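Dear colleague,

Please find below the sequence and the structure that I am handing over to you. My notes on what was found follow directly after them.

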Protein chains: 2
Amino acid sequence: MHNFEYYTPTRIIFGRNTENAVADLIKRYGGKRVLLHYGQGSAVRSGLIARVKKNLDEAGIFHVELGGVVPNPHLDKVRTGFALGNLNQVDFVLAVGGGSVIDSAKAIAFALAEPNENVWDLFERKRPPKASLPVGSILTIAAAGSEMSRNVVITNEETKKKRSFGDALARPKFAIMNPELTMTLPDYQTAAGCVDIMMHTMERYFTSGGNMEITDAIAEGLLRTVMRNANILRLSPKNYNARAEIMWASSLAHNGLTGCGNDGGDFSTHNLEYELSGMFNVTHGAGLAALWGSWARYVYNVCLPRFVQFAVNVMGVDATGISDEEVALRGIEDLEDFYRKIGMPTRISALGINLTDEQIKEMAESCEKATGGSIGSAKRIYFDDMVKIYEMAR
Amino acid sequence: MHNFEYYTPTRIIFGRNTENAVADLIKRYGGKRVLLHYGQGSAVRSGLIARVKKNLDEAGIFHVELGGVVPNPHLDKVRTGFALGNLNQVDFVLAVGGGSVIDSAKAIAFALAEPNENVWDLFERKRPPKASLPVGSILTIAAAGSEMSRNVVITNEETKKKRSFGDALARPKFAIMNPELTMTLPDYQTAAGCVDIMMHTMERYFTSGGNMEITDAIAEGLLRTVMRNANILRLSPKNYNARAEIMWASSLAHNGLTGCGNDGGDFSTHNLEYELSGMFNVTHGAGLAALWGSWARYVYNVCLPRFVQFAVNVMGVDATGISDEEVALRGIEDLEDFYRKIGMPTRISALGINLTDEQIKEMAESCEKATGGSIGSAKRIYFDDMVKIYEMAR
């Protein structure tokens with residue numbers, strides 16, 4: 001068991017109609033001039049943005065808006081948001097959307113707090129942030145967990161590099177979470193979100209040492225809950241309770257709770273996926289599903305007890321009379337079966353991408369550079385390992 | 001499932017030697033003049049207080065000290081702490097101890113922030129608090145969860161009334177949690193702490209409606225973890241990992257996590273116990289153990305599905321071929337067996353108290369008054385119910 005710090009100051013307002021509290025919450029955190037940031041239009045079409053603007057207007061809160069954030073959000077949009085916010089002297093950034101919008105909002109908030117610095121330096125880890133404007137969110141996609149997390153992920157579309165960093169300053173002040181707002185999400189996005197939630201938990205679960213029973217119990221319960229409710233949503237996408245379970249799981253999976261006492265987690269699959277979605281702009285959760293099984297088969301034998309525990313406690317594998325190795329492999333297979341059942345790929349080819357050897361080499365080189373040479377806790381992986389995992393997942 | 005707010009801003013620094021970070025943490029939260037608050041001497045005898053003072057001195061942080069906080073902490077001590085803090089213009093209250101010391105520190109911090117008000121008014125719910133000084137803690141007893149909670153409990157020793165209130169302002173800024181600091185605790189206190197942790201979870205678990213699967217999974221995992229590790233500590237009180245599991249459980253059980261989506265929880269057992277420890281000064285956890293089984297048998301049939309789920313998922317009752325009622329009752333019996341096994345009472349008489357009818361009436365009247373007439377979610381209980389539960393537990 002390792003020492004740990006746990007710090008989750010984000011105030012969560014969860015449930016039906018909670019978006020009506022947005023102006024009060026912004027005021028509570030001192031916001032008077034708001035940059036309202038959102039995605040490609042679904043929040044506009046649903047009427048949510050209009051309701052939010054009305055709520056802000058009625059409270060006398062000034063706002064300017066910037067929509068159009070895309071999945072794997074672009075540095076370019078961050079620069080635009082910075083310019084707009086700077087011009088209008090905003091003091092609060094409100095994200096209405098999913099993880100991409102929240103990440104874009106976080107990056108804009110960092111840029112605005114240090115206007116004379118280049119915000120991309122944070123993602124290249126050339127300097128730590130010194131300050132951020134306050135950020136709040138109205139969540140419309142349960143997936144990334146950015147609403148409570150210390151992480152930010154942005155893609156530099158010129159260089160095709162997707163880069164992340166983490167800092168306590170990146171934790172939003174509040175998150176408004178109304179499960180009803182996720183009901184119109186396409187099935188594919190819902191399923192990709194479930195994969196992302198599960199992977200945030202599993203990245204922290206698969207470590208070669210230093211675990212806590214209570215953290216394991218929380219992680220295993222969370223994973224079972226997500227799988228059960230993902231199955232419900234396949235048939236009943238408007239089931240409120242199932243949407244709520246998955247929405248709350250998205251925050252708990254990535255706010256630090258599922259990593260307490262662990263050694264920081266593995267995160268190899270995440271880093272391998274960043275290259276994939278940086279190069280091919282795939283949906284993050286789908287990219288994770290396409291890679292995980294190959295990563296798992298590549299590393300499981302050096303982290304066997306954890307894979308056995310996962311198979312039994314999460315996937316419900318009956319371990320009677322079979323070897324630990326077989327139990328572990330069945331757990332991996334069963335999770336891949338689940339992924340396919342909810343419409344997720346378990347190979348890169350299923351994403352419509354036929355990777356060349358040259359592309360694999362390029363991704364592995366980029367991943368090696370981004371991770372400082374190696375990554376992983378279940379098993380430390382280096383350039384050659386990255387190549388092999390991409391090849392297995394092809 | 002109910003709407004909920006989740007807000008746990010307390011920064012947790014968990015693990016070996018973490019107490020060395022105390023001066024840095026106090027500075028981070030703006031503390032320059034500290035009231036150092038502690039209990040009846042064990043933290044002095046162990047050398048912890050001396051180390052803390054050295055740490056503060058080396059950082060140039062002014063401090064005055066006030067020890068002698070007793071279990072079921074007294075209003076009188078709060079008044080003394082207020083006078084001392086006011087005289088020395090302290091701007092931060094540091095608690096070194098368990099829940100009693102932290103609660104006393106919280107009450108002093110409220111008193112200092114509104115020096116012209118009577119702090120007891122907060123406990124009698126005559127006014128809400130407007131402000132508090134920042135509070136931090138170095139935890140030495142895993143039990144009350146006050147290190148992350150929004151609650152404060154103080155006993156007015158003149159009137160023998162133990163009263164509580166909750167407010168977001170009561171959440172401490174940080175908690176330093178080194179499991180080693182709990183290793184010298186007497187077995188009885190360790191066991192009573194485990195009961196308190198379990199009861200904070202169970203009070204939120206037993207509700208007549210509005211539950212979340214993910215909250216249940218976390219609660220059930222937490223309860224199993226505490227029981228398993230309480231058994232380990234009976235034989236190996238210095239087992240670091242077991243101490244750590246229970247210590248982290250103490251915070252998670254009472255920071256709000258185990259109640260998300262529920263209807264606020266039951267808390268009948270807690271309120272019945274406040275009268276018992278107000279009148280007889282019993283250890284809170286032991287008082288809870290003495291009352292719970294009687295409460296459970298009195299209410300289980302109106303909340304049967306939850307008691308069945310508890311029996312199966314937490315106590316491991318095999319439900320094959322027996323009625324739900326029988327499953328529920330076995331779960332209750334098994335938990336009482338566990339309590340007795342770790343040296344906890346399951347009757348009030350086992351606390352050395354022979355309750356008279358008059359005392360029962362007095363406690364029920366006081367409980368009725370303190371709860372505004374009734375309490376409970378699994379089953380709403382009133383004066384007559386309170387009398388019956390005390391009689392059953394006698």
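This is a predicted model: local features need pLDDT of at least 70, side-chain atom pairs count only at pLDDT 80 or more; totals for chains, interfaces and linings use all residues.

Residues are numbered from 1 along each chain as its sequence is written, while chains are lettered from A and ligands numbered from 1 in the order in which they are written.

**The two copies**

Chain A contributes 31 residues to the contact, and chain B contributes 31 residues. On the side of chain A that touches chain B, strand 1 (4-14), helix 8 (213-235) and helix 9 (240-254) each supply at least two residues. These elements are DSSP runs numbered from the N terminus, with helices being H or I of at least four residues and strands being E of at least two. Strand 1 of chain A gives the most to this side, with ten residues. By class, the side holds 17 nonpolar, eight polar and six charged residues; here Ala, Val, Leu, Ile, Met, Phe, Trp, Tyr, Cys and Pro count as nonpolar, Asp, Glu, Lys and Arg as charged, and the others, Gly among them, as polar.

Strand 1 of chain A also runs antiparallel to strand 1 of chain B, joined to it by seven bridges (strands pair if DSSP finds at least two bridges between them). In this pairing, Ile12(A) stands opposite Tyr6(B).

**Domains of chain A**

Chain A is assigned domain 1 (11-181) and domain 2 (187-393), with bounds from an automatic or database domain assignment. Taken over C-alpha atoms, the centres of the two domains are separated by 27 Å. In their contact, 21 residues of domain 1 meet 26 residues of domain 2. Strand 1, strand 7 (161-166) and strand 8 (174-177) of chain A each supply at least two residues of the domain 1 side, and strand 7 gives the most, with three residues. That side divides into eleven nonpolar, four polar and six charged residues.

**Core and strands**

The largest nonpolar core has 263 residues, and Val93(A) and Val93(B) have the most contacts inside it. Such a core is a set of buried Ala, Val, Leu, Ile, Met, Phe, Trp, Tyr and Cys residues joined through C-beta atoms within 7 Å. A residue is buried if 20 or more other C-beta atoms lie within 10 Å of its own, exposed if 12 or fewer, and partly exposed in between, with C-beta atoms placed from the backbone. Not counting residues up to four places away in sequence, the residues that Val93(A) touches include Leu35(A), His37(A) and Val135(A).

Strand 5 (residues 135-139) of chain A is largely enclosed by the rest of the structure, because five of its five residues are buried. Val135(A), Ser137(A) and Leu139(A) lie on one side of strand 5, and Gly136(A) and Ile138(A) on the other. Strand 5 runs parallel to strand 4 (residues 92-97) over five bridges, with Val96(A) partnered by Ile138(A). Strand 5 is also parallel to strand 8 of chain A, over four bridges, and there Ile138(A) has Ile176(A) as its partner.

**The hairpin and its loop**

Six bridges join strand 6 (residues 151-156) of chain A to strand 7 of chain A in the antiparallel sense, Val152(A) being paired with Phe165(A). These two strands form a hairpin with four residues between them, and Lys160(A) in the turn has a positive phi of about 60°. Glu157(A) lies in the loop between strand 6 and strand 7. Glu157(A) counts as partly exposed because it has 17 C-beta neighbours inside 10 Å. Glu157(A) touches His74(A), Leu75(A) and Asp76(A), not counting residues up to four places away in sequence.

With kind regards

How values were computed
Two residues are in contact if their C-beta atoms, placed from the backbone, lie within 7 Å.
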